[in-house]
Amino acid sequence: MKTMEPVASRPPASDGASPAGRGRIKREDSAGWDFVSPALLIICVFVVLPCIWGIALSFTSFDGILPARFAGLSNYQRLFADSLVRSTLWNTVLFVVLTLPTGIVLSLAIALALNEKWFRCRSLARGIYFLPNVTSLVAVAFVWEWLLNPEYGLVNAGLRGVGLHGQGWLSDPHLAMPCVAMVAVWHGMGFSVLIYMAGLRSVPGEVYEAARIDGAGAWQQFRHVTWPLLMPTTMFLTMMGVIGGFQVFQSVYIMTGGGPLDRTRVYLFYLWQTGFQNLEMGYASALAVLLFGIVLCLTLFQWRFFNRRLSVWQ
Amino acid sequence: MLRALSILALLALIVRAIVVADRHPAPVRPGQPVNIEMSVWGMPWENDLYTKIYIPEFERLNPGIKVRFQYFEDYPNRLLLSHAGGIAPDVMRQNISFAMLWLRKDVDLPLDSSIDGPDGIDRKDFLPVAWQGIRYNGKTYGVPQDVNILAMYYNKTLFDRAGMSYPDSTWTWADLKRAADRLTVDRDGDGHPEVVGLDMGWGGGLFCPFLLQAGGHFWNADQTQTVIDSPEAAEALRFYKSLMRNYTLTRSNSVRGGLGPDKFFEQGKVAMFIDGSWRTPSLKKNAPGLRFGVAPLPRGKRALSVSSSCFWAVSSQSKHPDAAWKLAKYLSSQAALTTYWQYLWVAPPARWSSLRSPEFHQVTGSPGKIPGLPTEAEWKEKCSWIPEVLEHGWTSVEVSGPYTSQMMMHLNEAVDKVLLENADPATVLREAARLTNDDIRKAREAEASR
């Protein structure tokens with residue numbers, strides 16, 4: 001029977017490799033390139049090139065129809081003077097602030113509950129929490145719009161049933177954004193719960209056992225064992241949450257159309273209006289580049305922030 | 001690495017070859033039919049009209065031309081992308097609400113030489129309002145198909161119960177308000193009326209006819225500045241607010257989805273609502289037992305409604321403009337427009353000869369899909385307002401301009417501020433006009449730099 005060669009006895013991967021070994025690696029590299037090249041082509045054509053093209057368009061006055069003309073930095077000058085950029089960015093930040101911590105806390109709480117031994121029907125509960133996530137956000141937004149309808153919606157009917165006044169959930173300027181955020185949290189929570197559950201499974205039982213021997217209670221176990229060891233998971237979910245939050249569009253488009261009083265007009269909605277309704281593709285591209293820059297900076301900041309935390313705990 | 005790059009280059013060449021082949025079809029040989037494409041949007045069942053009636057008939061009349069039918073969702077964006085890709089359909093159904101900006105950018109072919117040529121059409125047979133949205137710089141960019149008009153729908157049973165006469169073209173704003181008041185019923189006084197007198201999607205869109213009725217306008221003469229800050233517009237907004245404060249189910253256009261005023265109307269919870277002519281067939285289909293009629297919008301200082309118009313355009317990229325013109329001409333012929341009305345009855349045809357023909361009273365619908373109007377009495381209660389409005393010229397396409405999108409964005413916000421925050425109409429309209437004109441200035445600067 002053929003046995004695996006011990007790692008120590010293998011020749012070094014690169015330094016000091018024989019010419020024959022280098023040749024084999026090159027052949028393997030070449031075969032690897034063969035396999036990935038169709039995927040690379042698709043990524044290049046549909047992701048990389050459009051991104052580069054989008055950046056190039058941001059320096060033009062392209063309208064989607066006539067040929068693009070170089071416009072220098074005028075789109076960027078306009079961008080920094082545009083009050084709608086500021087207000088829509090503020091609305092987007094508000095959306096992220098409302099959705100991210102709520103989503104993280106709720107999904108962690110649910111994952112912790114589902115991870116307990118006493119919890120019955122775990123698979124069923126996991127399926128129920130994940131169901132909204134596999135449902136189209138468009139359909140979800142429509143359903144919530146009906147539920148929140150001021151006259152015939154179930155939410156107000158329930159409130160009236162217990163003697164409370166119903167609200168104009170999506171027509172009240174103060175309630176519209178929290179409602180849109182609530183739907184986003186509900187829709188995305190199943191995914192976060194699953195990721196947290198996977199994270200919880202990877203925490204070794206011996207660590208909890210050691211903590212218990214040291215006299216740690218449930219809260220201390222969570223604070224000193226679970227939370228630090230789930231930090232990579234939290235980092236992933238936070239980063240994805242920020243990136244996704246800055247790209248919110250569908251739920252706003254369907255549920256509020258950016259209203260009332262522009263309180264839910266988020267950045268991407270404004271970008272879409274600029275590009276596809278006003279036919280100012282050059283300016284819309286500049287808006288997209290700014291969004292890219294903001295998300296990149298925030299992601300790098302989070303990366304450094306979490307890595308510092310991780311290194312402290314490790 | 002070199003091999004990988006070679007493979008990538010080869011694949012890129014293949015993709016390019018496919019794209020180029022699609023952009024440049026093989027030249028037509030003598031005796032071969034010319035293939036052209038046409039595109040539409042609308043409800044899926046409308047496609048039968050094109051695929052089962054129009055296209056077979058057109059191909060029979062023009063044996064040398066074959067038509068490929070395209071139905072697009074997200075229509076304006078799809079057409080824009082097709083144009084950008086050089087593959088726009090030869091003949092496109094367009095609406096002035098989104099095409100006004102395109103006319104200035106050569107998306108469509110000017111058709112004056114075809115319209116006025118030996119194989120042309122009689123311009124005078126079309127409603128003047130239908131031409132207004134498709135002309136720019138002295139050129140005509142399409143042939144009209146229909147004219148949509150906003151009108152008032154009313155529940156006859158609720159009017160009978162209140163002992164009130166039905167709305168008609170003599171109604172004024174005061175009549176509208178009085179009727180809305182009398183028809184609103186809150187039996188238990190809990191602030192949630194069982195029947196609402198008047199409901200609308202409260203936003204900038206439905207405010208537009210009120211602005212026109214008050215004597216206001218949307219644009220200056222050359223459509224380069226908005227004038228929605230006029231005293232007439234402020235007066236209209238004050239009246240609009242007075243309607244919303246007292247009679248409403250949905251306080252803002254933000255509450256949309258499948259529960260618009262039409263749904264409440266179908267359930268008999270709303271006595272009157274304002275919507276386009278296209279709503280009538282679906283109301284009859286969804287609520288067959290509902291007794292309802294349709295009337296022109298009540299008049300303010302003047303009687304005026306808001307319209308948009310669909311038309312047939314020929315793409316400036318068409319490889320077969322002559323064949324495309326033949327199809328556009330056929331699709332706007334009297335026979336085709338009469339069939340269009342009898343079959344779909346969503347919007348009146350743009351030709352006087354169709355509108356004034358006896359067939360205009362014979363609405364058959366599409367069996368199993370769209371109900372018809374079996375009696376003259378029912379036609380009268382649901383459709384007689386249409387010729388009345390059009391013959392008197394009580395409708396306008398003025399709101400549709402090249403910068404309508406910018407204006408509506410700010411007008412919606414202004415209307416919201418008045419309805420939801422009790423802001424002063426004159427102040428918010430002044431601000432909306434300032435912001436719109438600022439946006440237009442920027443857009444025009446960008447256009448000028450091209």
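Author: Let's start with a term: a residue is called buried when its relative accessible area is under 20%. Keep in mind that this is a predicted model.

Reader: Is A:His187 buried or exposed, then?

Author: A:His187 has a relative accessible area of 13%, so it is buried. You can find A:His187 in helix α7 of chain A, which covers residues 176–201.

Reader: Which residues is A:His187 in contact with, beyond its neighbours within four places in sequence?

Author: They are A:Pro132, A:Asn133, A:Thr135, A:Ser136, A:Leu137 and A:Val140. Look at A:Thr135 again: its backbone oxygen lies 3.0 Å from a polar atom of the A:His187 side chain.

Reader: How many helices and strands does chain A have?

Author: Chain A has 13 helices and zero strands. Take helix α10, residues 231–246, as a case: its 16 residues, at 1.5 Å a residue, should span 22 Å, and the end C-alpha atoms are 22 Å apart, so the two agree.

Reader: Which residues of α10(A) are buried?

Author: Among them are A:Met231, A:Met235, A:Met239 and A:Val242. As a general idea, an α-helix has 3.6 residues a turn, so residues three or four places apart point the same way.

Reader: And what about nonpolar side chains?

Author: In soluble globular proteins, they tend to be buried together. Here the largest nonpolar core has 89 residues, and B:Met38, B:Trp102 and B:Ile386 have the most contacts inside it. A second, separate core of 57 residues includes B:Ala179 and B:Leu237.

Reader: What radius of gyration does chain A have?

Author: Chain A has 26 Å, whereas a compact globule of 314 residues would have a value near 20 Å.

Notes: Residues are numbered from 1 along each chain as its sequence is written. Chains are lettered from A and ligands numbered from 1 in the order in which they are written. This is a predicted model: local features need pLDDT of at least 70, side-chain atom pairs count only at pLDDT 80 or more; totals for chains, interfaces and linings use all residues. Side-chain values use heavy atoms; hydrogens and water are left out. A nonpolar core is a set of buried Ala, Val, Leu, Ile, Met, Phe, Trp, Tyr and Cys residues joined through side-chain atoms within 4.5 Å. Buried means under 20% relative accessible area, exposed over 50%, partly exposed in between (1.4 Å probe, protein chains only). Helices (H or I, at least four residues) and strands (E, at least two) are DSSP runs, numbered from the N terminus. A polar contact is a pair of N or O atoms within 3.5 Å; within protein, one must be able to donate a hydrogen and the other to accept it, and residues adjacent in sequence count only if both atoms are side-chain atoms. Contact means heavy atoms within 4.5 Å. The expected span of a helix is 1.5 Å times one less than its number of residues. The radius of gyration is taken over C-alpha atoms; the globule rule is 2.2 Å times the number of residues to the power 0.38.
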